[in-house]
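Visitor: I would like a close look at a single part of this protein. Please pick one residue and show me how it sits in the whole.

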Amino acid sequence: MRFHDKVVLVTGSGSGIGRAVALGFAREGATVVAAGRRREPLDQTVKLIEAEDGRATALTVDVTSSADVAALVADIVRLHGRLDVAVNNAGVFSMGQVADIGEDDWARTIDVNLTGVMLSMKHEIAAMRQGGGGVIVNVSSQVGTHLRIPGLGAYAASKAAVTALSRTAAREYIREGIRINVVSPGPHDTPMSSRPGETRADRDERIKQQLPIGRVGTLDEITATVLWLSSDEAGFAVGHDLVVDGGSTA
Ligand SMILES: NC(=O)c1ccc[n+]([C@@H]2O[C@H](COP(=O)([O-])OP(=O)(O)OC[C@H]3O[C@@H](n4cnc5c(N)ncnc54)[C@H](OP(=O)(O)O)[C@@H]3O)[C@@H](O)[C@H]2O)c1
């Protein structure tokens, strides 16, 4: 129960990695705030947590809106008194070689993946300062600073910038008791790791060929990584970018 009585925000927790991470925190005693744009999947996450006797609230937010994120953090403090841990996981994927990247796709990818993390940190840090400290984990990707894959330029650029921004913030706020780190996953078992038109079986076959470990990461594995980085056990990890990618970048 590493997060007993902690108030934990997970953005993008209506699906995939975010939902698994939200469940993981709740299983270890946290009061979880599940946030994302669509209400229905967030309510589902809350139901799953409550079915295991955990505590969770669903709050909608568009992380590209500063006013939305400010309201989310204010609601968390009003409802729960403070914010102890934030996992900035909301993200979108896009594909296209550089000369072919749609400008709308570019803007959306940068807005959600980078500006979303910046705005989230901005408002979370303000609340954590008032509460005397906290922990932030930002979800980047192996293709941010660690690996180049043709066709993923916009996504890679957005995620590389997440790492740069997070590591800068880590140095800026650690003396105020706010510990900031990054996790950079390789392909994990959510629809985001499939290419357009690919079935789950096609994806598994492609990954079997491509990744040294021969499989995608499980949601339990990425959850364990995020929870460890968020816990006191990782107290000396500051500005770290933890790659969990089955050996792709080894
Ligand atoms: N799966 C992988 O293989 C993999 C690998 C490396 C990195 N990642 C990263 O891991 C994170 C989670 O990915 P996933 O695979 O779990 O994908 P996912 O299931 O699509 O989850 C992304 C979540 O972000 C939310 N979201 C998107 N835009 C948002 C916005 N503007 N404001 C608030 N929430 C927003 C979505 O919910 P709404 O649409 O309801 O808002 C969704 O729940 C992403 O940052 C992704 O880049 C994933």
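Guide: A residue counts as buried when its relative accessible area is under 20%, and as exposed when that area is over 50%. Keep those cut-offs in mind. The model here is predicted.

Start with the whole chain. Of its 250 residues, 51% count as buried. The protein chain holds 8 helices and 7 strands. Its radius of gyration is 17 Å, close to the 18 Å from the globule rule for 250 residues, so the chain is as compact as a globular protein of that length. Along the principal axes, the C-alpha atoms fill a box of roughly 45 × 35 × 35 Å.

Now the part itself: Asp220. This residue lies in helix H8, which covers residues 219–230. Is Asp220 buried or exposed? Its relative accessibility is 61%. The cut-off for exposed is over 50%, so Asp220 counts as exposed.

Next, follow the chain. Ala20 is 200 residues away from Asp220 in sequence.

The accessible surface of the protein chain comes to about 11600 Å². Carbon and sulfur atoms account for 52% of that surface.

Finish with charge. Asp counts as negative. The chain has 26 positive and 30 negative charges, and their mean positions are 3 Å apart.

Note on methods: Residues numbered from 1 in each chain as written. Predicted model: local features only at pLDDT ≥ 70, side-chain atom pairs only at ≥ 80, totals over all residues. Heavy atoms only, no water. Helix = DSSP H or I, 4+ residues; strand = E, 2+ residues; numbered from the N terminus. Rg over C-alpha atoms; globule rule 2.2 N^0.38 Å. Buried < 20%, exposed > 50% of the residue type's maximum accessible area, 1.4 Å probe, protein only. Areas by Shrake-Rupley, 256 points an atom, 1.4 Å probe, with all protein chains shown as cover. Charge placed at Lys NZ, Arg CZ, Asp CG, Glu CD.
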